[in-house]
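The model is a predicted one.

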Amino acid sequence: MYRGETVPSGQGYRRQLVEVVVPVYNEQTVLAASVRRLHDYLTESFPYDFRITIADNASTDGTWPLARGLALELEHVRAVHLEKKGRGRALRHVWSTSDADVVSYMDVDLSTGLEAFLPLVAPLLSGHSDLAIGTRLTRGSAVARGLKREVISRSYNLLLKTTLGAYFSDAQCGFKAGRTEIVRALLPSVEDDAWFFDTELLLLAESRGLRIHEVPVDWVDDLDSRVDILKTAYQDLRGMARVARRLCTQRGIAASPPARTLPRFAAIGVVSTIAHLLLYLLLRNVVSAVAANAIALLVTAVANTAANRRFTFGVTGSQNALRHQAEGGVAFLLGLGISSGGLALLPTTSRSLELAAVVACNALATVVRFVLFRGWIFRPGRQSRSRPEVALLPILGLAAFLYTWGLSANGTANSYYAAAVLSGTKSWKAFICGALDSGSFITVDKPPLALWVMGLSARIFGFGTWSLLLPQVLEGVAAVAVLYVAVRRVSGHVAGLIAALVLTLTPITVAINRDDNPDTLLVLLLVLGGWACLEAIRSGRLLPLLLSATAIGLAFNTKMMQAYLVLPAFALVYLATAPGGVWRRIGRLSLFGTVLAVVSFSWMTAIDAVPASHRPYAGSSAGNSVWNLALGYNGIGRIVGRAHEAPGRAMFGGGAGPGRLFSGQVGGQISWLIPFAVIALAGALVLRGRRPRTDLRRAALLLWGGWLLVHFAVFSFSNGIFHAYYTTAAAPAIAALTGAGGVALFRAYRHSAGWSWCLPAAIAVTGGWSVVMLVRAPGFLPWLPGTVALATTVAVGTLLLPGLRRGSPGSRRVTRLAIGATLAGVVGVLAGPAAFAVTPLTRPVQGNNPLAGPRSATRPRMPQTRPLDPGLIPYLEAHRDGATWLAAVPSARLAAPMILQSHGRPVMAMGGFGGSDPALPAAKLEGYVQSGRLHYLLLDEEQRPGRPFGNPGAVAWVHAHCAAVAELPVPGLFRCD
C-alpha cells in the first residue's frame with residue numbers, strides 16, 4: 001500500500017500514483033544518501049502515492065547490490081537491472097511497463113531542488129499538461145554551476161531552438177515527467193537510448209502539439225559528474241541531425257516548424273533583398289554608401305518584419321504588432337552593423353564592389369534575422385504568455401518623448417565632445433584615440449567609448465544633431481528599461497514601474513539625455529552592472545558577476561574613476577549576501593576584480609604604450625599619460641581639487657558640504673526624492689528583520705542604498721571640479737529605492753498598525769521638500785507649490801485615518817482607499833520633478849553645463865567665449881597652403897567651434913580643454929611650422945588671471961618669429977612660415 005490522500009467513498013476510485021525513476025551507472029558513493037533523501041521528502045511532503053524505481057544501467061561496481069538492499073529496506077522503493085548501458089534504455093524499460101498515472105525521472109545526484117517536484121507533476125495529474133520539465137534557463141530559476149557547463153548548456157538549447165524549432169527552454173535538465181499514456185504513445189517513435197532520449201521525446205511531443213509545462217528549478221552543479229562531455233555532445237548532434245531529417249521528410253510525425261517556415265522566410269528574404277538593392281541604387285546617387293544602405297535597410301526591415309509576421313509565422317491582428325516591430329529593430333541594428341562594417345572596410349569605392357558587399361553582408365544578416373525571429377520574436381509560446389511588461393511601454397514612450405521632443409534645437413549640444421565626434425568621422429586615428437581634432441594633436445579629457453557610439457552613428461548617417469544625439473536618447477531609454485528589470489526581478493512589477501517612472505522624470509536625467517556628454521552611457525552601464533550583480537547574488541552563478549565587472553569596466557572607459565563609485569556597494573553586498581561559502585565568494589570577487597581591471601585598463605594601457613610622438617597628447621593630464629589622466633584630473637583631482645582651481649568650484653555646483661545636493665544650484669536637478677528614498681531604505685531594511693543572510697530583497701536594498709550613499713558623500717564633499725549634471729549617476733539608486741522601498745512601506749502600512757506611520761511620513765517629508773524647491777523658483781508655475789501641498793496633505797491625511805490604517809487587508813473598499821491616497825501622494829512627490837523635467841524641451845540644451853528647470857533655478861552657467869569672426873574660417877581655409885591644421889588656438893573651447901564651423905577641419909587646441917596643458921612647447925611648435933604642418937596661430941583667447949596658458953614658451957616664440965595678420969580684424973592672429 002502506497003502513501004496517498006484520504007480515500008473518498010464510492011466505487012471505482014483509484015488513488016493517483018507517481019513513479020519516480022532514478023537511472024544509475026556506477027553510483028555506489030551517492031546512491032544510498034540520495035535515495036533516502038528522496039524517500040524522506042516524498043514520505044513527508046508529497047500528497048500523492050509514489051514509487052521510487054532505481055534503474056541500474058549495467059553498473060560494474062557495487063551499485064546494483066546496494067540498490068537491491070535499498071529496495072528491501074525502504075517502503076515504496078524497488079530496483080531493476082539492465083544488462084546494457086544507456087539512460088534512455090533504462091527509462092524506456094521502466095516507463096513502458098509502468099502502471100502509474102505519471103512517470104518521471106531525476107538524476108541520482110539530486111542537483112535539482114526537490115521542492116520543485118510537486119509543481120512538476122501537479123499539472124500532469126490534473127490533466128492540464130501532457131509533459132513537464134524542470135528548467136534552469138527561465139525566470140525564477142536559481143543555478144550554480146561552472147562557466148564551461150553554462151556555455152555548453154545554453155549553446156545546446158540555442159541549437160535546438162534555431163535548427164529544430166524547439167520552444168521548450170531547457171532540454172538537458174534531469175528533471176522531467178509525463179502522463180503515462182502520453183509517454184507510452186511516444187516511446188515507439190523515440191530511437192535514442194542514451195542521453196539524447198529525453199530531448200528526442202520532447203521534440204516528438206512538441207511536433208504533435210502536446211502541452212509541455214515548464215517549472216523553474218534551483219539547481220546546483222554536480223562536481224563529481226563523470227559524463228563524457230565531448231562524446232555526449234557528438235551523440236547529441238547526431239541525434240539532432242537524425243530528428244531533423246525525420247521532421248523534414250515527415251516520416252511518422254508531423255512536419256517541424258522549420259520545414260514550413262524556412263521556404264516562406266527565404267522567399268520574403270529574396271524579395272526584401274531585391275527591394276533593398278533597388279533603394280540602395282536610387283539613394284546612392286545622392287548620399288554616401290553607408291547612408292544609402294542604412295536608409296534602404298530600415299525601409300525594407302520594417303516591411304520584412306511585417307511580412308514574416310503574417311505569412312511565415314502566421315501572427316495576425318494588431319495585438320503585439322508594435323512590439324514585434326520594436327524587437328525586429330534589434331535584427332535591423334545587427335544587420336546594419338554587419339553591412340555598414342562591410343562597406344566601411346572596402347578598399348575602394350567601386351560601385352560593383354559595393355553591391356557585392358551589400359549582398360554578402362545582407363545574406364549573413366538574414367541568417368541572424370531568422371534566428372531572432374524563430375527563437376525570440378515569434379516564438380509561439382512567447383506570444384500566448386501574459387506579459388506585465390506591457391505596462392512599461394507607456395513609461396518608455398514618455399522617456400522617448402522627453403528625450404527627443406525638439407531635439408533639433410540643441411544643435412551640436414556640447415561643442416567640445418561634438419567636435420571630437422566629427423573629427424572621429426574624418427580620421428580613424430582620431431576616432432580610436434578620442435582626439436579633439438582630426439589631426440590628432442590632443443585628446444579630449446575623457447575616454448572615448450561614448451564618442452565611439454556617437455561617432456559610429458555619425459559615420460553611418462552623416463554628422464548632424466540627430467546622428468549625434470539619438471544614440472544618447474536610446475541609451476537613456478535603455479537605462480530606464482534595464483532599471484525596471486533589475487527592480488522588478490527582486491521587488492515585483494509595481495516597484496519596477498515606479499523606479500522606471502522616477503528615473504524617467506528625474507530633471508537632470510532628462511537634460512543629460514538630450515546632450516552629448518558621456519554621462520548618459522555611464523548611467524546605462526552602471527545600471528547594467530547593478531542588474532548583473534543582483535542576478536549573480538540571486539542565481540549564485542559566476543557569469544552575471546563577470547558581466548557586472550565588464551559593464552563597470554566599460555563605464556570606466558566612458559568617464560574613468562566616477563564609474564568606480566558603485567564598486568564599494570557591489571563588492572560588499574556580494575561578499576555579504578551571495579550564496580556559497582566565504583572563500584568561494586572571495587574567490588569570485590577576485591575574478592570580478594581581474595575582469596574589471598582587464599576591461600578598464602585595456603584602452604589606456606594600449607594608448608600609453610604608443611610612443612608619444614605617434615599619438616595625441618593626453619588632454620588634461622599632468623605628463624601626457626592616460627593613466628595620469630585617470631588617477632589625477634579624473635580621479636583624485638576631482639576630490640581634492642588642483643592648484644589653479646578654486647576649492648569647491650562654487651561657480652559650477654555650489655560649495656562643498658553636506659547641503660550641496662540640496663542647494664539652489666543642484667537641488668532642483670536631483671534632490672526631489674532623496675528624502676523618500678532614504679526613509680524607504682531605512683524602513684524596508686528594518687522590515688526585512690532577521691532574514692537569512694542571502695535574502696535577495698535586503699541585498700538589493702543594500703546595493704542601491706550603498707550606491708546612493710557613496711555618490712552623495714563624494715558629490716557633496718569634493719573640492720575639485722563639480723557640475724550639477726554629475727548627479728545623474730545617483731538617479732538610478734534614488735529611483736530603485738523609491739520603487740522597492742515604497743512598495744515595502746505600502747505593504748507594511750496595510751498589514752501592521754505599528755508601521756502605519758512610515759509611509760505617510762515619507763510622503764509628507766518629500767512633498768514638503770518639493771514645495772520648498774518650487775518656492776525657490778519664483779515665477780515658475782506659481783500655482784504648482786499649492787497644488788503639491790494640497791495633494792500631499794490629502795494623501796497624508798487620508799493615510800492617517802485610523803480605520804484605514806487598521807483596515808483588514810481583505811477589505812476591498814479600504815484597499816482601494818489606501819491605494820487612492822497613495823496615488824495622491826505619488827502626484828504630490830512627482831509633480832515638482834516632472835515640471836522641471838519638461839523644461840529642457842522648451843529651450844536648447846547646449847554648452848558644458850546642461851541643466852533642467854527654470855532659468856531662475858539653474859544659474860550660473862559656464863562662461864562662453866566670444867563669437868568667432870565670420871571671416872576667420874574662410875580666410876584660414878583659403879590660405880591653408882597644405883598645412884595639417886587650419887590654426888592653433890589656446891584651448892579647446894575655441895578650437896571646438898572652429899572645428900564644427902569648418903566641417904571637421906583640424907584645429908589645434910594647444911592647451912587642451914582649459915588652455916593649461918603643456919602640450920605644445922616652443923621646440924615642438926617650431927618643428928610644426930618648419931615642416932609646413934601649421935601656419936596660423938590665434939593667441940588672444942582665455943588669457944585671464946588664475947588660469948595661465950600652459951605653453952608660455954610657445955607664446956614667446958610666436959611673438960618672436962611670426963607676423964600678425966592685418967587682413968582680418970581678429971586680434972592675436974599670427975602667420976608663421
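R538 has a relative accessible area of 18%, and because buried means under 20%, R538 counts as buried. E535, with a relative accessible area of 6%, is likewise buried. The side chains of R538 and E535 meet in a salt bridge, with an N to O distance of 2.6 Å, and since these residues are three positions apart in helix 21, about one helical turn separates them.

**Salt bridges**

- The predicted model holds 23 salt bridges, and the pair formed by R538 and E535 is one that lies within helix 21.
- D519 forms a salt bridge with K559, in which the closest N and O atoms are 2.6 Å apart; because D519 lies in helix 21 (residues 519-539) and K559 in helix 22 (residues 542-559), this pair ties together parts that are 40 residues apart in sequence.
- D519 and K559 are both buried.

**The largest cavity**

- The count of cavities of 30 Å³ or more comes to nine, and the largest cavity has a volume of about 130 Å³.
- Helix 9 (257-283), helix 10 (289-312) and helix 12 (351-377) each supply at least two residues of the lining of this largest cavity, and helix 9 gives the most, with five residues.
- The lining of the largest cavity divides into three nonpolar, eight polar and one charged residue; among the lining residues are F265, H276, N304, N362 and R369.

**The second largest cavity**

- The second largest cavity has a volume of about 70 Å³, and the residues lining this cavity include V502, P507, Q669, W672, I734 and P833.
- Helix 19 (493-505), helix 27 (667-670) and helix 34 (812-838) are the elements that give two or more residues to the lining of the second largest cavity.

Key. Residues numbered from 1 in each chain as written. Predicted model: local features only at pLDDT ≥ 70, side-chain atom pairs only at ≥ 80, totals over all residues. Heavy atoms only, no water. 1 Å grid on protein atoms, 1.4 Å probe; cavity = no way out; pocket = protein on both sides within 12 Å on 5 of 7 lines; lining within 4 Å. Points joined across faces, edges and corners; volume = space filled by probe spheres on them. Helix = DSSP H or I, 4+ residues; strand = E, 2+ residues; numbered from the N terminus. Nonpolar A, V, L, I, M, F, W, Y, C, P; charged D, E, K, R; others polar. Salt bridge = Lys/Arg side-chain N within 4 Å of Asp/Glu carboxyl O. Buried < 20%, exposed > 50% of the residue type's maximum accessible area, 1.4 Å probe, protein only.
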